[in-house]
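Let's take a friendly walk through a protein model together. Have a look at the sequence and the structure below, and then we will visit a few places one by one.

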Amino acid sequence: MRLGWILAIALPFCLCAESEDEALFLRRIADFWQEGEYQIAKSQMEEFIIDYPESPFADALCAAIGDLFLREKNYSSALNYYSQVQSAEFVQKVFLNRMQCLYEMQWYATLADECEAYLATNPNLHVTYFLAIALYHQCINASKETDQLVQLAERARPYFETLYCSELSQEVAQGYAHLSCILKDYAKATAIYTDLAQKNPAMEEEMLFQVALIQSEYDKALAVETFDKIRKMDRKRAKEAAYNRMVLAYDLGRYEELVNGNVIQQIPEDRVGIGRLFLGRSLLQTEHYAEAVQELKAYIQGAPVSETLFAALLSLLDASYQTGDLQSLDEAIAKLALHYPQTPELPKAYFSRAQVLKRNERFDEAKEALEQLIVQYPSFPQKGQVLFELTHLDFKAKNWEGCYQRGLVFLNAFAGHELCPFVWRYFVSSSSEIAMQKPEHKRQLLVDLEAFLQLPLAAAERSEWQLLQAKTYFELRQYEEAMKCLRSQESPNALLLLSLCYRDGYRDLGQFCKLAEEALARGANLVSLGPIHASLYNAYLELSNMEKAAQHLYEAFMAKADLKAENLLWLADTYYNQLLEEEGNFVIAARAAALYSKVKATEQATCRLAKVYSILGRIDDAIALLEPLSNPSQEAQLILAENYAKKGIVDQAVQIFDAIVSACGTGRSPVAAAAALHGVRLKRAQEKPNWAEIATQLKSLVLQKNFEGEPLYLEAALEYVEVVAKGDPVKTIALLQKTKADFEQRGDLLAKDYHAAREQFPRKNITYQGYMKLIDAQLALNEAKVDRVHQKDLQAKSKTLLLQIMETPIASCLKERVQKLLSDET
């Protein structure tokens, strides 16, 4: 306030006034001023200016009145008097006060222009301050999205830089920081606020908060760290900082930090609701769906209708869908329908609900929901997906007709849809199933397959569908078309189908057998294996290959094919006859046992099964089969006695053997011969055997030999040598030579018949030849006992002969003799 002005003016007024009245007027003003009567003095000065406008003292008085009004904060009046000042001297003196008035009246544009013009010729820090502040306020009032804002900020920047480097730096620091933010010079703004925080501990939290807000504009991760620092300071703005940190962490996708941090307890109470929304969404993003549902429901419960509620409901729909929480899903749908009935998200929610029902295997409800969705929202953008789900549900329910029709609708309406490849597969699969139920649909299946095979398919899948196409042609007896489809196929199933085409289309059994066996060896499973093996059995029968026929009939039996009883009996007898020549073949024995147990229990079948049981060591089972027979045949009695003997019931066995011999004679029948031989062996093992009787029975048996009953007679001859020679090597040699000569001679009619039969039974002939070599081996062994000079050579000869015998398929009784001799030699 320029109080000195009035005192300095008083004396000159008196000396220099143009009139006494003017001088008196001025002295009166001065006195009032000196006495502190400022209002009277101000009134007198206003009156003086009116009365003496041309007075040389008018500028000084206008300046003084302006100062008084400024003191009273009557800025408009002060500005009015300042504007009446004319002289350069007083204009200079009142300039800052006049700028103060412009500032207080918020005439920022005028203030800026005035200051800028002034500074062009008169540098002044305080004027620079007014200019900077004026431009800053214009920035604040300008629209944030206009170029004007940036232009004003750029205009203000150099003045703030000047002031920030002066003693006024603290007064302009925050404004300068804000201005830097407007100009996106975030580094500068951050530096200013950081400096303020360091220089003024009381302002540290607030300044760091501003720093964090600025960092959030250009480096959110850094802002998160700063807000976290403020949170840990635990001062006034700690909770707000925690909230801002939570928002930024969510924006950065740092969901795990929110999920694992105790964020809800750290934020302001009035923001807990929205905090639960962020937490719920973070839980959703980290796939903690059940927890996400709980947090989102907690937010939604008290949330007002808004865009945020809408977004929260969508998140709840997603979380409920992911976790299969149908109740929460229904709650979200209900709120969505209540508050946002026209949103396109509503039908999507209904679709999600149907998918949850499907996932929970509530298929009927899911199907009903999907059908309602199509009716209620016929223009639903995801209608294709809805139709796909209905098609899939029908497919899972094996509703082939429904699946086929829906698939057809889908393919016609949504030809380019991403789900088309899946629908095509449901469509042709259901068409195939319909064709199996309705043969009249097979021609349509071919049409469907032809269309489907036009699509780009993987080679393996294409082969599978082409195989179905070929199979359908085959079932329609279009063999040529079927074979065309199979030309490029190399799979086992394709090979099997091709073999069937040769069988049914051309009656080429040879090609059928060749291809079918190759296909089966490679694991073909196009049709049930039982019927295929049965068909191969019949084919090989026609081709007169009994060995192959038996092999495939057994495979058909094992595959539980529906076979005739006579076929099973034929196969059982085939294995039985083979077993008689290979008693040690337990695989064949097990097969024969399995087959005989399935056929009608005739006495012959029962006897043979008992024989097989005996070979397998199932003695009790064999006896249990034979003992109940009311009028057993001699063969049945023989097998029963054999099993008694194996079980150690010797007396009963001998009785039966003797009874058979008495009824048939020592005889040429195999049954009588077997009974006689078994009886002799049991008698030899008695405590006091009757050697003469035993020798007589054995001799009688050997003399009645026939090739059909071998190796019974050969065994009897060797038993005879053992009984009569009694271990004497010389006698043994003589008897063995005579035995061999007797069996090899062809002089009489019986001998001729014997050797002629050898050609009819080639496998048995191998056994016969083995016995001849056995006799030679025994001769060599006994000669070695007599001829000490050539002993080693004879023993070596014997061993060589025995090993040669073991290399051929021989009867088990011969094998036992050879193995015993080899064991004795070692």
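## Charges over rings

Start with R359 and Y321: the charged end of R359 sits over the ring of Y321, at 4.5 Å from the ring's centre. Keep in mind as you look that this is a predicted model.

A lysine gives us another such arrangement. Here the charged end of K699 is placed over the ring of Y720, 4.3 Å from the centre of that ring.

## Rings that pair with rings

How many aromatic pairs does a search of the whole structure find? The search turns up 38 of them. Take F474 and Y479: their ring centres are 5.6 Å apart and their planes meet at 65°, so this pair is edge-to-face. Angles over 60 degrees go by that name. Are these two residues buried or exposed? F474 has a relative accessibility of 14%, so F474 counts as buried. Y479 comes out at 17%, so Y479 counts as buried too.

Now compare Y502 and Y506, whose ring centres lie 6.2 Å apart with the planes at 45°, so this pair is tilted. Both residues belong to helix α28, which covers residues 492-506. They are four residues apart there, about one turn of the helix.

Ring pairs link F388, F395, W400, F422 and Y426 into a cluster.

L467 sits in helix α26, which spans residues 459-475. With a relative accessible area of 10%, L467 is under the 20% cut-off and therefore buried. Which residues does L467 touch, leaving aside those up to four places away in sequence? They are L486, Q489, N493, A494, L497 and L526. For a sense of distance, look at L467 and A156: they are 311 residues apart along the chain, and their C-alpha atoms are separated by 83 Å.

A674 is found in helix α38, residues 670-684. Its relative accessible area is 6%, so A674 is buried. Leaving out residues up to four places away in sequence, A674 touches L638 and L712. A674 and A716 are 42 residues apart along the chain, with 9.6 Å between their C-alpha atoms.

## Details of the backbone in loops

Loops are worth a visit as well. Where does Q106 lie? Its place is in the loop between α6 (88-104) and α7 (108-119). Phi of Q106 is near 60°, a positive value in a residue that is not glycine. Q106 has 55% relative accessibility, which means that Q106 counts as exposed.

K726 has a positive phi too, near 55°, and is likewise a residue other than glycine. You can find K726 in the loop between α40 and α41 (729-744). Its relative accessible area is 67%, so K726 is exposed.

Finally, look at the bond that joins E710 and P711. This is a cis peptide bond, with omega at about 10°. P711 lies in the loop between α39 (691-703) and α40 (712-725).

Methods. Residues numbered from 1 in each chain as written. Predicted model: local features only at pLDDT ≥ 70, side-chain atom pairs only at ≥ 80, totals over all residues. Heavy atoms only, no water. Helix = DSSP H or I, 4+ residues; strand = E, 2+ residues; numbered from the N terminus. Buried < 20%, exposed > 50% of the residue type's maximum accessible area, 1.4 Å probe, protein only. Contact = heavy atoms within 4.5 Å. Phe/Tyr/Trp six-rings, centres within 6.5 Å; stacked < 30°, edge-to-face > 60°. Lys NZ or Arg CZ within 6 Å of the ring centre and 35° of its normal.
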